[in-house]
Amino acid sequence: MTGGEHAERFTLLRPLLFTIVYEILGSATESDDVLQDSYLRWAEVDLAAVRDTKSYLARLVTRQALNAVRAGTRRREEYVGPWLPEPLLLDEHDPSADLVLAESVSMAMLVLLETLTPDERAVFVLREVFAFDYDEIAAAVAKSVMTVRQVAHRARAHVQARRKRFEPVAAAEIARITEQFMTAATTGDTQGLLELLAPDATWTADGGGRVVAARRPVVGAQQVAAVVMAIFHLRQRTPDMRIEMVNCNNTPAMVAYSGDHLEGVFLIEIVADKITDFYVIRNPDKLAAVTIPRTITRGVAGARDPAES
């Protein structure tokens with residue numbers, strides 16, 4: 001049996017720990033597994049020896065997340081078609097208005113983070129998103145502080161070079177453009193749709209070889225518009241097909257159902273009032289957790305570490 005204090009401390013920090021692991025793994029399902037395994041390890045820890053619970057648990061879950069990344073490397077290499085992170089359904093009432101957090105869990109950022117090595121990704125997430133000290137990060141990734149500083153610099157430069165340089169789009173503007181997109185797509189207004197798309201708009205679909213999906217990204221406004229119109233034309237011919245709007249990865253997302261069966265999640269990226277990317281997740285393995293709303297955070301509001309008492 002595990003002690004109540006172990007459970008209390010872990011539960012208090014769970015939203016933060018989940019957010020860290022999800023940003024390293026890009027999978028809510030795998031993050032749950034990592035947290036479960038981490039809790040079993042935590043339950044065996046002598047709390048008298050823990051001076052900072054948050055730092056200790058962040059180190060523990062980061063190590064377990066890196067183990068999970070390395071264990072899944074071959075599976076990722078053999079993946080059929082594009083690989084996209086698992087969409088994260090957020091509580092509609094999630095109080096997060098944190099722009100850093102919102103960007104860090106966006107599908108665009110998670111896709112970008114996939115281009116980093118596992119260590120670079122962990123260091124970037126812990127430093128740039130969660131503002132951990134270099135010595136805490138060094139302990140988490142089992143490297144020297146000097147090495148971690150170098151890794152952090154390299155990862156930051158990599159991300160900045162690839163991140164689209166633009167002002168954050170207001171949530172209301174994203175909702176407006178998403179609504180315009182839905183109107184154009186459902187009414188067959190191809191010209192209206194094209195006016196919303198950036199010239200180099202890209203459609204990336206993740207089916208994992210399990211369902212029908214484009215094996216390569218579709219690039220170009222005309223080509224993407226044709227894909228969208230074909231999908232919505234099929235929807236109109238399928239009586240039990242419906243699309244609902246939800247909050248995934250801190251942005252409005254479209255969830256497609258056929259009857260009660262979840263067919264896919266569609267997320268869009270908007271830059272300068274134009275849709276630049278569609279991220280379409282259809283692999284059933286990545287849709288299992290979309291029915292569970294999550295709460296994400298970069299801190300523990302109003303919480304005091306029991307170890308500091």
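**View 1. The crossing of helices α10 and α12 is right-handed.** In this predicted model, the contact between the two helices is formed by F181, M182, A184, A185 and T186 on the α10 side and by V228, M229, F232, R235 and Q236 on the α12 side, where contact means heavy atoms within 4.5 Å. Sorted by class, these residues comprise 7 nonpolar, 2 polar and 1 charged; Ala, Val, Leu, Ile, Met, Phe, Trp, Tyr, Cys and Pro count as nonpolar, Asp, Glu, Lys and Arg as charged, and the others, Gly among them, as polar. Helix α10 spans residues 171–187 and helix α12 residues 221–236, and they pack at an angle of about 65° with their axes 8 Å apart; the axes are lines fitted to C-alpha atoms, for helices over the stretch in contact, and the angles run from 0 to 180 degrees between N-to-C directions. The two helices are therefore roughly perpendicular to each other, given that angles under 35 degrees count as roughly parallel, over 145 as roughly antiparallel, 65 to 115 as roughly perpendicular and the rest as oblique. A crossing is called right-handed if the near helix is turned clockwise from the far one by less than a right angle, and left-handed if anticlockwise.

**View 2. Helices α3 and α7 pack at an angle of about 150°.** Helix α3 (residues 53–71) and helix α7 (residues 118–129) have their axes 10 Å apart, and they are therefore roughly antiparallel to each other. The crossing in which α3 passes α7 is right-handed, and the residues that make the contact are T62, L66, V69 and R70 of α3 together with P118, D119, A122 and L126 of α7. By class, this contact has 5 nonpolar, 1 polar and 2 charged residues.

**View 3. T202 is found in strand β1.** Strand β1 covers residues 197–206; helices (H or I, at least four residues) and strands (E, at least two) are DSSP runs, numbered from the N terminus. T202 has a relative accessibility of 14% and therefore counts as buried, where buried means under 20% relative accessible area, exposed over 50% and partly exposed in between, with a 1.4 Å probe and protein chains only. Leaving out residues up to four places away in sequence, T202 touches P217, V218, V219, V224, T276, D277 and F278.

**View 4. R163 has its place in the loop between α9 (145–162) and α10.** With a relative accessibility of 28%, R163 counts as partly exposed, and, its neighbours within four places in sequence aside, R163 is in contact with E103, M109, L112 and F124. From C-alpha to C-alpha, R163 and I24 are 18 Å apart in space, while 139 residues separate them in sequence.

**View 5. A131 and A272 have positive phi values.** Most residues other than glycine have a negative phi. A131, in the loop between α7 and α8 (134–141), has a phi near 55° and is exposed, with a relative accessible area of 54%. A272, in the loop between β5 (261–271) and β6 (274–281), has a phi near 50° and is exposed, with a relative accessible area of 61%.

**Notes to all views.** Residues are numbered from 1 along each chain as its sequence is written, and side-chain values use heavy atoms, with hydrogens and water left out. In this predicted model, local features need pLDDT of at least 70 and side-chain atom pairs count only at pLDDT 80 or more, whereas totals for chains, interfaces and linings use all residues.
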